[in-house]
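Subject: Structure handover

Hello,

Please find the structure below. My notes on what was found in it follow.

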Amino acid sequence: MLTAISPLVRRGSKVLLASGTAATCIVITGHKHITSTECSPVAYNNNSSDITITKNVGNLELVFPTMEALLRASRLITCAATMAADYSLHSYISDVFSWIFPNNINTISEEKLSKQTELEDKIAVLQKDLDRIQNEYTKSPTNEDEKYTGSADIKEHTKSKRQQKEEMMNIANKLAIAEEELDSNIDTNVVHERNAQRLLQLFRANQGVYIKVGQHLANLDLLIPEEYIQTLSSLFDDAPVSSFQDVCQVVKEELGAHPNQLFSDFSETPLASASLAQVHTATCKQTGKKLAIKIQHKGLKETSNGDLFACSTVVGIAEQLFEQFNFGWICEELTPQLPKELDFTNEGRNAEAASSHLESTGLDCVIPKILWPFTSERVLTMEFEEGFRATDIESIDKAGICRKDVAKLISSVFNSQIFGSSFVHCDPHEANVLLREHPTKKGKPQIVLVDHGLYKRLDKEFTDAYARLWKGIVVANIPEIKSACEQLGVHEMYPLLSSMLTSRPFDEVVERSQSGSFDASTNGGGDKHVIRGYAQRYIKEIIDMLDIVPRQMLLIFKMNDCLRHVDMALGSPVNNLVVAGRYASARVYESDKQSGGSFIALLRSWMSYINVLLRINMYEFGSRLYIKN
């Protein structure tokens, strides 16, 4: 029912390795040399003996990366087998351990253990109640005439649904409170914590692609246990670090000189390290400006395809063995995108294109300027921009910045990319969306958007249909929603697609179609439990849905996952439905203008656009008055 679950249910994923990979690796590993003005390998001497030597050296240099890839694959297989055995035998082992070592089990006080048992029983009852009311709330009408057609009984239907929703949210909030109390009574679920640590150790040991997989998992806070989220979140800013010697070697191979020859004050210790690269600071000798230099981890290009193949193979086996294990989508999505992310010149071009668009919007978002003379496939040099994570609540409050302003700005930036330029940053996780107080607007936020390796250019036809879908969702126009979904290839399951995009049940759209309000969801601790329930309830339908929607939609789902994670960390202070509606409606109107329709048709489109804007402005004005009072 939500964007987060959509990619999780991809099944039967396959990874295809391009032919000629070994030859490419030989060239990259052994002989690529890029100066500040070159963007291609240097020419080889035509002497046949030289050619023979380079081939032999290249093949020799492939031996060690291949052996390292096999070692990483063996670690992955060992970890997967250990985790599977741990979960399968956990209950049995616990019983045996408690029988052999009864004194060790009783380290928890009787009072605390009694409280824990009481809370667990209470949670189990609340979960059953939540499942029951969700089943009633999301149940579709059996009579075809009752299905969202505006019949005479729809007001009574809407009233009934509203009462069910209030009961559902009441139960969900009680469940959230009970789980918080249980969390304070016990530290963690031992088996989850143990296996989360195993995964973390695996990702850190294997590095590269594995870190990327771990970061994907850390964003799925509505679907996997909290112990995994807390443990794997460290991979966003505490990834393994390459040695300074390796860093210098990569810079010299790419730019033709040692870092200290190219820059002043080049830091030996990285400012941050991520899955594919780490960032060092330096000073530009020509301008004296502080720089951020992103340097790819040594050997990553040579082994990335093998690592992806190993990951996809093990995950595929796990999907066959365990019905509820559905993580093949991660490897499937990484395979075509990773080569683009490993080419930092591509990232530089993406950054400049995104910067040009955002400057035209007037949004307070900064993208670091690229220094091309010091940029190559494995080294990206840019001007340094200060900032802290957009999810760092303590720093936001300390800077005197309103969280609502932050959430609205973030949502505006990415909706502007989708519906404006159609050139979308698809990896906006919390480490890539930085924040600072605006230098000239006191108390207002300014975003620093980094890591532009993963972008997607959306087709015009797709973007137009997607905009019409969002406009229909915002104004609760069910025929318009259905029509837009049909343009995207979705027919009978249009309520499900709408729900996946908004993370809310489609009945809320029906409710808003009667009330005329933009408010149909309830924020609070219960929301997370409600959404988890939808994830479990509609898992089979979502599997079918993902085989229907255009592939571009999968990256949109991934982007929405990241943004939802950031928004929930901020406390969901803004109605993102309204923000998306503003940009989507503008896109629909622009599309209608370009279509060359009649004057009457264009006038209707303009009036519809103005109507949406007026409703949004009135809603936002009312929200500000409500907050002040």
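The protein chain has 24 helices and ten strands (DSSP runs numbered from the N terminus: helices are H or I with at least four residues, strands are E with at least two). This is a predicted model, in which local features need pLDDT of at least 70 and side-chain atom pairs count only at pLDDT 80 or more, while totals for chains, interfaces and linings use all residues. Residues are numbered from 1 along each chain as its sequence is written, and side-chain values use heavy atoms, with hydrogens and water left out.

Of the 629 residues in the protein chain, 51% count as buried (under 20% relative accessible area, with a 1.4 Å probe and protein chains only).

Aromatic pairs: the whole structure contains seven (ring centres of Phe, Tyr or the six-membered ring of Trp within 6.5 Å; stacked means planes under 30 degrees apart). Phe263 and Phe266 count as stacked because their ring centres are 6.3 Å apart and their planes are at 25°. Both Phe263 and Phe266 are buried. Phe419 and Tyr466 are also a stacked pair, at 5.6 Å centre to centre and 15° between the planes. That pair links distant parts of the chain, 47 residues apart: Phe419 is in helix α15 (residues 403-421) and Tyr466 in helix α16 (residues 460-475). Phe419 is buried at 4% relative accessibility, and Tyr466 is buried at 2%. One aromatic cluster is formed by Phe244, Phe263, Phe266 and Phe374.

Regards

Key. Buried means under 20% relative accessible area, exposed over 50%, partly exposed in between (1.4 Å probe, protein chains only). Rings of Phe, Tyr and Trp (its six-membered ring) pair if their centres lie within 6.5 Å; planes under 30 degrees apart count as stacked, over 60 as edge-to-face and the rest as tilted.
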